[in-house]
Structure formats: structure tokens, C-alpha cells
Amino acid sequence: MNLSSTVLILALIIGVGVVLGLALYAKKLWGEVGRRQKQAQAEHDRAKQQCLANLDVLSQAVIADQVDLIEGVLRCCVILDIYDAGLFERPALKPLLNIREKAQRFHTHDARQELTPRERMKEDKERLELAGEYRNDIRAAAFDIQTLSAGHAGAVMAHEAH
């Protein structure tokens, strides 16, 4: 065996070692990607489950008249936007979009505090009129959300079991 064949065999052994090392590293990285994907999916599932729980509590409060109806609609709309905005296509939920649009003009938080008492009273009256006009639609939406959250909660739990 001459020197060049020894060098060639040594280079081949080093090359195979480098390739094996890189392959093991790639496998480790791929495993990490899989672990992170599972972790992200679990977090996504938990977030969806939390949205459903919030919708359930909020819709119960609307049904029991424990929350201002317009406030309930606005909060439900935010959660539905996060959970699945496509749900607004459900016939019982479609009116929520119209109510939300009409309620956009009302001041909230600090802006509401800056209103004069007369302006606040005027807005409160308009808010009550809007709630009265859509009371039946709001209650129907709340009952639909109850049905939705019960059905989707079972589906999410079945997904998590797999």
C-alpha cells in the first residue's frame, strides 16, 4: 500500500465520519423541529379551548342579562374573530357584525371618561336603544354560541386525544 492510497483511505474515513456527524446533527435538528411543531399545535389548541371557554361564559352572561348586551356582542365579536371569523357566516351570528358596526361610534375607556355627563347619557341611551332593537338577535346568537362551544369543545378534546 503506497502513501497516496493510505491518504485516500484516511480522507475517505474522515469524509464518512463528517457525513455521519452531519447526518446525526440533521436528525437531531429535525427532531427539534417536530417537537416545536407539536408544542406550537398544543399551544394553539389551548388557545382555541380558552376562546371557547370565554365564549361560553360570555354567552351565558348575555343570556342571564348579567352583562350589557352591546358590551357582550363586542366582546363575543373579538373572541370570534380570534377563534374563527368564518363563524360569522352562521345565520344566528351574522347580526353580530351589524351590531358591532353600529356600536363602533360609541366611546370606550378613556375617551368615554372625557365625554360630558350629558354626552355619556346620550350615548347610553343610544346603546340601550340599539340593544333593544337587536335584543332577540343577540339572545339567539348567545344560544347559538352555547351550542357552538359545546360542539366545538368536544371536537377539540377529541383532536387532543389523538
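Reply: Helices (H or I, at least four residues) and strands (E, at least two) are DSSP runs, numbered from the N terminus. This is a predicted model, in which local features need pLDDT of at least 70, side-chain atom pairs count only at pLDDT 80 or more, and totals for chains, interfaces and linings use all residues.

Me: Which element of the protein has the lowest mean pLDDT?

Reply: pLDDT is the predictor's confidence in each residue, from 0 to 100. The protein as a whole has a mean of 91, with 93% of its residues at 70 or more. Where pLDDT is low, the predicted coordinates should not be read in detail. The highest element mean, 96, belongs to helix 3 (residues 94-103), and the lowest, 85, to helix 5.

Me: What distance does helix 1 reach from its first C-alpha to its last?

Reply: Helix 1 covers residues 3-63, which is 61 residues.

Me: How far apart in space are the C-alpha atoms of Q50 and L10?

Reply: Q50 sits in helix 1 and is partly exposed (between the cut-offs for buried, under 20% relative accessible area, and exposed, over 50%, with a 1.4 Å probe and protein chains only), at 46%. Q50 and L10 are 40 residues apart in sequence, and their C-alpha atoms are separated by 60 Å.

Me: Is V62 buried or exposed?

Reply: V62 belongs to helix 1. Its C-alpha lies 9.2 Å from that of F143, which is 81 residues away along the chain. The relative accessibility of V62 is 2%, so this residue counts as buried.

Me: Where does D65 lie?

Reply: D65 follows helix 1. Its phi is positive, about 55°, although D65 is not a glycine. D65 is partly exposed, with a relative accessible area of 44%. Its place is in the loop between helix 1 and helix 2.

Me: Which helix contains H109?

Reply: H109 is another residue other than glycine with a positive phi, near 50°. H109 is exposed, at a relative accessible area of 67%. The element that holds it spans residues 109-113 and is helix 4.

Me: Which element gives the most residues to the lining of the largest cavity?

Reply: A cavity is a set of points on a 1 Å grid over the protein atoms alone where a 1.4 Å probe fits but cannot get out, and lining residues have an atom within 4 Å of a point. The lining consists of V62, G72, V73, C76, L96, I138, A141, A142 and I145. Two or more residues come from each of helix 2 (69-84) and helix 5 (117-161). The most, four residues, come from helix 5.

Me: What is the volume of the largest cavity?

Reply: Grid points are joined across faces, edges and corners, and a volume is the space filled by probe spheres set on the points. A search of the whole structure finds one cavity of 30 Å³ or more. Its lining has eight nonpolar residues (Ala, Val, Leu, Ile, Met, Phe, Trp, Tyr, Cys and Pro), one polar (the others, Gly among them) and no charged (Asp, Glu, Lys and Arg). The volume of the largest cavity is about 40 Å³.

Me: Which helix gives the most to the lining of the largest pocket?

Reply: A pocket is an open set of grid points with protein on both sides within 12 Å along at least five of seven lines. The largest pocket holds about 170 Å³, and its lining, which includes E71, R75, H109 and R127, has two nonpolar, three polar and four charged residues. Helix 2 and helix 4 each supply at least two of the lining residues. The largest contribution, four residues, is that of helix 2.

Me: How many disulfides does the model have?

Reply: A disulfide is a pair of cysteine sulfur atoms within 2.5 Å. The sulfur of C51 is 11 Å from the closest cysteine sulfur, in C76, and therefore too far for a bond. The sulfur of C76 is also too far for a bond, because its closest cysteine sulfur, in C77, is 7.1 Å away. By this rule the count of disulfides is zero.

How values were computed
Residues are numbered from 1 along each chain as its sequence is written. Side-chain values use heavy atoms; hydrogens and water are left out. The expected span of a helix is 1.5 Å times one less than its number of residues.
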